[in-house]
Amino acid sequence: MYVCLCKGITERQLRAAIAEGKTEFKQLKRELGVSSQCGKCVPVAMAILAEENAKV
Ligand code: FES
């Protein structure tokens with residue numbers, strides 16, 4: 001599933017990046033470009049990040 005349509009970022013890519021240690025939103029933004037355009041993906045990306053961070 002696409003999380004960020006502007007940048008074509010999938011949920012899988014996002015979870016993989018978080019697993020690699022990009023556990024802060026600004027890191028995901030910098031590395032993947034998520035939320036760097038329209039910003040509509042921010043709530044979903046934040047929710048995925050919170051979910052992954054809660055696992056560890
Ligand atoms: Fe992610 Fe637009 S959908 S910046």
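**View 1. A45 sits in helix α3.** Welcome to this predicted model, in which local features need pLDDT of at least 70, side-chain atom pairs count only at pLDDT 80 or more, and totals for chains, interfaces and linings use all residues. Residues are numbered from 1 along each chain as its sequence is written. Helices (H or I, at least four residues) and strands (E, at least two) are DSSP runs, numbered from the N terminus. Is A45 buried or exposed? A45 counts as buried because 23 C-beta neighbours lie inside 10 Å. The cut-offs are these: a residue is buried if 20 or more other C-beta atoms lie within 10 Å of its own, exposed if 12 or fewer, and partly exposed in between, with C-beta atoms placed from the backbone. Leaving out residues up to four places away in sequence, A45 touches V3, C4, L14, L28, V34 and S35. Here, two residues are in contact if their C-beta atoms, placed from the backbone, lie within 7 Å. G33 is twelve residues from A45 in sequence, and their C-alpha atoms are 11 Å apart in space.

**View 2. The largest nonpolar core has eleven residues.** Its members are V3, C4, I9, L14, I18, L28, L32, V34, C41, A45 and L49. Two or more of these residues come from each of the elements β1 (2–4), α1 (11–19), α2 (25–32) and α3 (42–55). A nonpolar core is a set of buried Ala, Val, Leu, Ile, Met, Phe, Trp, Tyr and Cys residues joined through C-beta atoms within 7 Å.

**View 3. A16 belongs to helix α1.** A16 is exposed, because 12 other C-beta atoms lie within 10 Å. For a sense of distance, look across to C4: A16 and C4 are twelve residues apart along the chain, and 15 Å separates their C-alpha atoms.

**View 4. S35 and K40 are both found in the loop between α2 and α3.** S35 counts as buried because it has 23 C-beta neighbours inside 10 Å. Its backbone also deserves a look: phi of S35 is near 65°, a positive value in a residue other than glycine. K40, for its part, counts as partly exposed because it has 13 C-beta neighbours inside 10 Å. Although K40 and L5 are 35 residues apart along the chain, their C-alpha atoms are separated by 8.9 Å.

**View 5. C6 lies in the loop between β1 and β2 (9–10).** With 15 C-beta neighbours inside 10 Å, C6 counts as partly exposed. Which residues does C6 touch, not counting those up to four places away in sequence? They are Q37 and C38. C41 is 35 residues from C6 along the chain, with 8.9 Å between their C-alpha atoms.

**View 6. Stepping back, the protein chain has three helices and two strands.** Along the sequence, these elements follow the pattern β-β-α-α-α. The radius of gyration is 10 Å, close to the 10 Å that the globule rule gives for 56 residues, so the chain is as compact as a globular protein of that length. That radius is taken over C-alpha atoms, and the rule is 2.2 Å times the number of residues to the power 0.38. Taken along the principal axes, the C-alpha atoms fill a box of roughly 30 × 20 × 15 Å. Of the 56 residues, 21% count as buried. Among contacts between residues at least 6 apart in sequence, 47% join residues at least 24 apart.

**View 7. UniProt lists residues 2–51 for "domain: BFD-like [2Fe-2S]-binding", in an unreviewed entry.** UniProt positions are given in the numbering used here, feature names are shortened, and annotations may be inferred rather than shown by experiment. Over residues 2–51 the chain is 54% helix and 10% strand, and the end C-alpha atoms are 17 Å apart. For the complex, the predictor gives an ipTM of 0.98 and a pTM of 0.93.
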